[in-house]
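The sequence and structure come first.

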Amino acid sequence: MSSKDPYQYIIKHQTPAGDDRMIQVEHQYSHKFKVTVLRAEHVTKGAIGDLLDTPDPYIELFISSAPESRRRTRHINNDVNPKWNESYEFILDPNQENILEITLMDANYVMDETLGSTTFPISCETIRIGQTKEVPFLIGKVTKVFLEMTLEVCSSTDLRFSMALCDKEKMFRQKRKERVMLGIKNLLRMEKGRCLPSSHRDVPVVAVLGSGGGFRAMVGFSGVMKALYESGVLDCVTYVAGLSGSTWYMSTLYSHPDFPTKGPQEINQELMKSVSSNPLFLLRPQNIKRYIEALWKKKACGQPVTFTDIFGMLIGETLIHDRMNFKMSHMQDKINEGQSPLPLFTCLHVKPDVSELMFADWVEFSPYEIGMAKYGTFMPPDMFGSKFFMGTVVTKYEENPLHFLMGIWGSAFSILFNRVLGVSSSDNSGSTMEEELENIKPQHIVGDDGLDGDEEPRKAGTENLEVEEEYQKNAQASWVQRMFTAMISDSTLFNTREGRAGKVHNFMLGLNLNTALPYSPFRDLMYQNSVEEEESVVTDPDEFDRIYEPLDVKSKKIHVVDSGLTFNLPYPLILRPQRGVDLIISFDFSARPSDSSPPFKEILLAEKWAKMNKLPFPKIDPKVFDREGLKECYVFKPEKGYKNCPTVIHFVLANINFRNFKAPGVPRETQKEKEYGEFDIFDDPESPYSTFNFRYSNQAFKQLHDLMEFNTLNNIDVIKEAIIDSIKFRKENPSRCSVSLNDIEARKYFNKDPHSKLHT
């Protein structure tokens, strides 16, 4: 049986209505148009103008349909026969009308003057593919401008179009499997041989998930990772995925120069010191000005900036202050030999006019690639944020630092920054973060493009370089002042949410998207739920109602926000069929109304999302809470015959046995020990574990850290048993999580009807 990934060559979609109309993400080749401005002859300002002044000519090129639409040469002083020999490139859509506008300009001190213009239609009729052609253009009656032009087909793109895992991740999985096999044998060394993997095929893929929840999630996840590391379970894990607060801990861990040689214990001690000080000192005016001046460099080169950039700097200086230049791609050194699990991070792409509960695209970040599995579109990390058109980079920027991504991943706190600072109106002071986020509409946070829009051509004089430099300095000072005023003004910073969402250039600009991709090729192969089961999952008809809608490929920028705005667990990263995960160990640090409240809200949303995307997911029975009460963890197994479904171990944030035991099986004895374990997470109104709290005393840090370390270690046998079951299942089902192309009806992936295309 072939185990080829059907998405390696096929990128199609079954519409949610269930009909047989297959619609694809279509990649079309773009054209690269190269222009060299050679020279001009007999440049004139007219008979009278030439008597008064000799022209200082330059050329402007403009193609309105191109993403980088405007180019200009340098100006040459006092020359009527200038020679420039300056070359430029434009990426064009051959299906659009592309007109080159050529404008001859005269540089002046006060206002540049237009001397004349002409146009040239760019097409295969006017210039053949592969041909280099010199064309003279008459401007006015006597002036000639000479251009050399070449039109080429872009046969390759900078985006990768496939649902298959990238080659680097495949190589990582091979190397990691060797280490996981050894790790499982060490973890289960007391077990009989039949429980151990006898070949690589028997090695299960285990994933660890961390939810959002601000510093509460970050600190809790630090205790989890310490327990997994020291118990040997982490050696059996292939993926670690995080959302919002958990990504902050993962960033701290994976950016640390001594990890993985140094384990979480010592790194967590450093983290405790980092979060013990008041974060407000970072908002002193001198610091804010420094942040904004750093962002000016980003804006000046053409990248959008929002308050999320500022928030990312604050988080970065709090958690990785000595590693502010660390990049996502640098994490490859931590995993290339399979020495650590592959870290996965996430955010959402949202639309300004649609609730993120109804529509959101999950964006996936790994040290190897960033992209959206929904569209089968990925790029290397150093290209995220660059300008793309039709899959080709038109402007490459420096890779964003990790702290910028940390700001995006946890941008719910950027959106509710007033609550982070403790500045809140009286009508919402008692509400939880989750309740406030439910009332936020995307249009409230995306703002407008006023501060980061595409620059218009400069109208003032450009002849004097000193004047031009002074203009640029004044423009920078003006922008910095406006941003600084916005930051320190109560009315702007504390009481509005506009401009709080992250913003990047749309890497799918110009692509021909007909609709979104399915995550799963198992539509007709997987276990089918009964009508009653489907209805029990779907509780709110508006949730995920528009998840099948495609991204707007005409929008120059996209807005990216905290994934917790839709649901607070990063299951979409792990449920990709290509990853073939057998066991998911999930840690949910989400806020609940009380310590005794049912802890299944987020995982039920994940279950609903999975079923709407036809992804295998075990049945989540919330009635287990009525039968068994609050526990440290719950196990949800797939039903018999559900071959491709993972087992889920769902850990929740609960202080149960930790109150009486300082370690598994070791009871508390002294009064001090008993007092240390006696605390509530959500019931105590004075609890330091509010989602909005960004300062943890050493005591608060240690208690939450030790609680989650204890809960994890207290259930190591549960994890071991699940790993053994996964090994047995793989031995009994050698084709586990593999898909044969023969298993999938070809007609469901190929639609020859040209009228089925949906133009976006």
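Predicted model: local features only at pLDDT ≥ 70, side-chain atom pairs only at ≥ 80, totals over all residues.

Residues are numbered from 1 along each chain as its sequence is written, and side-chain values use heavy atoms, with hydrogens and water left out. Local features need pLDDT of at least 70 and side-chain atom pairs count only at pLDDT 80 or more, while totals for chains, interfaces and linings use all residues.

**Cysteines**
- Cys236 has a relative accessible area of 1% and is buried (under 20%; exposed is over 50%, partly exposed in between; 1.4 Å probe, protein chains only).
- Cys301 is partly exposed, at 39% relative accessibility.

**Chain as a whole**
- Of the 760 residues in the protein chain, 57% are buried.
- Among contacts (heavy atoms within 4.5 Å) between residues at least 6 apart in sequence, 75% join residues at least 24 apart.

**Helices H4 and H5**
- H4 (residues 245-254) packs against H5 (residues 264-274) at an angle of about 115°, with the axes 10 Å apart (axes are lines fitted to C-alpha atoms over the stretch in contact; angles run from 0 to 180 degrees between N-to-C directions).
- H4 is therefore roughly perpendicular to H5 (65 to 115 degrees).
- Tyr249, Thr252 and Leu253 of H4 meet Pro264, Ile267, Asn268 and Leu271 of H5 in the contact.

Conventions. Helix = DSSP H or I, 4+ residues; strand = E, 2+ residues; numbered from the N terminus. Parallel < 35°, antiparallel > 145°, perpendicular 65-115°, else oblique.
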